[in-house]
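Please walk through this structure with attention to where charged side chains pair and to what surrounds the ligands.

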Amino acid sequence: MKQLSERIKEAAFGSLSSGQVEMVIGWQKGPLWWQSFPAFITDPGETASLIWDPFSVSNLNKYLLNEVPKKKIALFLKGCDALGFNQLLRDGRVEREKVLLFGIPCDGLVDPARVEATGLSKGLLQVKKEREELVFYYKEGQRKAPARDFYYSKCLSCRYPNPVTCDEMLGEAVPCQPLERFANVSKLEAASLEERFTYWSRHFSRCIRCFACRNVCPACSCRECIFDIAEPRWLGKAKESGETLFYHITRAYHVAGRCVDCGECARICPLGIPLAELNRKFIKDINELYGEYDAGADLDKEAPLLTFKSDDPDVSA
Amino acid sequence: MSVNLKQGPFEPLIIAFCCNWCSYAGGDLAGTGRMTYPANVRVIRVPCSSCVSSNFILRAFQRGADGVVVAGCHPGDCHYTSGNYFARRRFLLLQRFLEFLGMEPERFQVHWISASEGNRFAAVMTETTEKIRALGPNRKLRDTR
Amino acid sequence: MKKITKEKLALFWELLARRATLYLPLQEDGVVNFAPWKNGARVNLRENSLVPPKNVFFPQAETYLRFQTGAKKLQLESLEPEEEFILFGVRPCDVASFTILDKVFLEEPVDGLYAKRRRLGTLVSLGCNEPGETCFCTSFELEPAFAPGADVMVWDMGEFLLWEAQSEKGDELTAKINELLDEAAPEESASALSLRNTTAAGEAAAGCQQEWNTAGLQEVLRGKFNVELWEKLYHRCLGCGICTYLCPTCHCFDIQDFSRGLEGERFRCWDSCMFAEFTLMASGENPRPTQKERVRQRFLHKLLYFPSKYGLYACVGCGRCVRKCPVHLDITQVMEPIK
Ligand code: SF4
Ligand code: SF4
Ligand code: SF4
Ligand code: SF4
Ligand code: SF4
Ligand code: FES
């Protein structure tokens with residue numbers, strides 16, 4: 001990882017100082033061990049503050065919606081981020097010529113909650129990755145543990161750890177060993193109708209409608225979102241089960257066929273609502289009904305909801 | 001507004017979005033042909049089945065519908081050539097999704113009914129009404145206020 | 001001082017719940033939130049809740065008016081909270097947040113809904129044995145294990161909870177459940193004081209890990225409306241509502257109507273200065289056109305405008321925004337560089 005973070009700094013410095021780009025978006029480190037966050041750098045002198053560590057999970061491509069019209073921008077993409085970038089491109093929301101992409105092969109990032117669950121977080125100062133292991137640093141020494149035990153679930157089922165698109169790849173390709181991503185969907189499908197309803201009602205009842213899941217999503221890129229429109233107000237502001245269901249059905253349905261399964265929405269939800277299962281239900285059904293389709297990766301295939309076949313399965317059965 | 005709020009045995013409220021060119025005309029034919037279908041069905045005319053947004057369907061449920069039907073021209077016969085082909089994909093996904101969330105699949109149905117199928121219109125609406133009557137009132141997506 | 005042994009807790013909840021609605025920190029799907037206790041619920045007294053208990057006094061949405069038209073006259077019916085409740089397990093930082101909300105809602109014009117809920121509720125605070133990694137309440141002169149604003153103060157001493165009433169309401173509640181309480185031995189009572197001292201000292205692992213010098217912060221911030229800091233900070237903000245909805249002191253709301261046919265209701269609901277829509281006017285004009293103005297508003301409101309008006313910071317150092325902002329644009333990120 002050390003090496004990769006050096007290459008990130010170099011790439012940022014090079015592209016900024018040569019005048020090729022006006023801004024670089026990468027990650028910086030906060031004061032606590034798990035805080036790595038998006039950084040926007042315009043001064044080549046500041047590129048040394050960029051980092052790559054096991055917590056550089058924030059997806060940077062969505063920021064292009066705010067920044068790109070003004071300038072050319074360099075940004076770093078992990079595997080999942082590259083899929084999202086492609087989707088933004090496909091939805092006509094970014095211009096390819098205005099971005100310089102550096103790819104980062106990424107075999108998984110660390111979920112702070114999993115570190116906390118093991119008790120390793122007490123007094124923890126820093127976490128570094130060394131090959132397949134994480135090294136935990138404390139005042140009084142260090143401890144090691146297998147890295148994969150701490151990865152985000154989105155990383156454990158990641159099928160594109162190596163960016164499918166970029167201008168320059170920083171680092172060697174990593175192997176890919178994804179867990180079955182539809183396991184939870186299948187389990188729910190096997191449950192009874194009432195069990196499913198109870199399950200989702202319980203989860204949705206926690207939703208505070210902060211819209212973080214929408215705001216982070218590279219497939220949610222409408223200039224004006226239906227949830228923000230006041231007149232007519234499709235989504236009311238009451239804390240009411242029907243409203244919450246309306247939100248969740250509509251969010252997932254709007255990204256059906258475009259969701260790249262980057263897992264950002266589920267990762268970011270502060271209330272731990274299993275949003276991935278909603279998105280993956282659509283992905284699974286699309287694959288079964290209309291043929292395998294990987295949004296963000298299958299660029300040569302037509303988007304499944306923007307096309308049809310005359311002998312598609314019928315809905316009136 | 002809801003029929004269900006009235007006293008007496010449960011009477012389902014069914015909202016039917018019918019495309020102007022086929023299904024709505026089919027409904028008309030059912031009327032002029034003096035075929036009967038239940039008054040539980042409230043027809044809303046739309047230009048094409050593909051114009052029916054998920055918002056309309058969900059809103060109908062929120063505001064008291066016990067069942068929602070979208071009806072359009074038979075695949076291949078859409079007045080706008082291919083609208084219903086697109087709609088067919090979208091609605092199949094939506095139907096399966098609602099079921100995934102725990103809604104009874106019978107509550108949201110899609111049917112292809114041509115302008116000449118007055119009989120079929122009446123039959124579909126009657127059958128749907130009976131199915132939903134058997135299921136009872138919809139509470140799952142319903143606004144509790 | 002009284003005490004209650006932990007084996008009696010299940011009975012204790014049942015007894016309390018019989019007196020009034022009992023809100024406890026309950027764990028569900030790994031998330032801890034305050035909710036009415038029901039038999040079989042999983043009580044978690046170790047972690048603070050994710051959503052702050054402000055939602056008990058100031059719910060995310062509350063209907064206060066029903067209306068009906070159609071008859072000759074418009075018919076109106078106002079609704080008021082009626083239910084007595086006990087809010088148990090509130091951490092001292094969150095208790096302090098009610099002092100802040102009180103300033104907003106209890107000064108003239110008094111907010112009837114909030115005031116009524118404050119009257120109906122009995123507040124039982126649970127001291128923190130070990131402030132979390134992101135806690136910094138001591139920076140606002142609060143104590144991790146003591147909440148002067150609570151009706152009852154409770155400390156978790158391992159085998160038992162210590163219980164001390166601090167107000168009339170607290171005495172009343174104590175009298176009602178006296179059968180389950182024992183008198184604490186003097187050395188047991190003393191242990192509460194030593195817990196207070198070690199956690200407040202900010203020493204090593206026992207105290208708050210983060211200390212901020214907030215004295216004079218307000219003065220420093222004056223005249224910082226147009227500094228480059230905001231330009232630097234705002235880019236990464238996602239404009240979600242996490243920081244404001246999870247903040248125990250955020251109190252902005254919106255008023256909305258819901259109607260069906262000839263009848264309907266009016267409710268108020270949380271709103272967030274981080275949303276673009278928050279300041280959007282009917283004309284289409286938005287005085288806070290970008291996330292920069294919104295981010296600045298959130299922090300200046302907490303650290304400058306509010307203290308200028310009411311004499312105290314609108315942050316209690318609960319650390320929720322530190323923990324949950326997905327891009328770590330939390331309040332400490334402003335307090336650091338501004339100094
Ligand atoms: S991020 Fe979670 S809590 Fe926020 S709106 Fe989405 S599902 Fe609801
Ligand atoms: S819906 Fe979620 S998983 Fe799908 S693209 Fe959006 S953020 Fe990624
Ligand atoms: S939820 Fe729907 S309307 Fe809103 S941004 Fe996403 S796709 Fe667009
Ligand atoms: S500061 Fe963080 S939590 Fe608040 S709106 Fe911005 S991204 Fe969301
Ligand atoms: S600003 Fe952050 S730390 Fe302060 S009270 Fe609000 S959520 Fe807690
Ligand atoms: S016009 Fe009837 S379905 Fe398109």
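A:R181 is buried, its relative accessible area being 8%, where buried means under 20% relative accessible area, exposed over 50% and partly exposed in between (1.4 Å probe, protein chains only). Its side chain meets that of A:D294 in a salt bridge of 3.6 Å, N to O, a salt bridge being a side-chain nitrogen of Lys or Arg within 4 Å of a carboxyl oxygen of Asp or Glu. This pair links distant parts of the chain, 113 residues apart, with A:R181 in the loop between β8 (168–169) and α6 (183–190) of chain A and A:D294 in the segment after α11 (275–290) of chain A; A:D294 also counts as buried, at 12% relative accessibility. Helices (H or I, at least four residues) and strands (E, at least two) are DSSP runs, numbered from the N terminus.

The model is predicted, so local features need pLDDT of at least 70 and side-chain atom pairs count only at pLDDT 80 or more, whereas totals for chains, interfaces and linings use all residues. Residues are numbered from 1 along each chain as its sequence is written, and side-chain values use heavy atoms, with hydrogens and water left out.

A second salt bridge joins A:D228 to A:R214, with the closest N and O atoms 3.1 Å apart; A:D228 is partly exposed at 31% relative accessibility, whereas A:R214 is buried at 8%.

Around ligand 1 there are 13 residues, of which A:C207, A:C210, A:F211, A:C213 and A:C269 come nearest, a residue being near if one of its heavy atoms lies within 4 Å. Helices α8 (212–215) and α9 (241–254) of chain A each give two or more residues to this shell.

Note on methods: Chains are lettered from A and ligands numbered from 1 in the order in which they are written.
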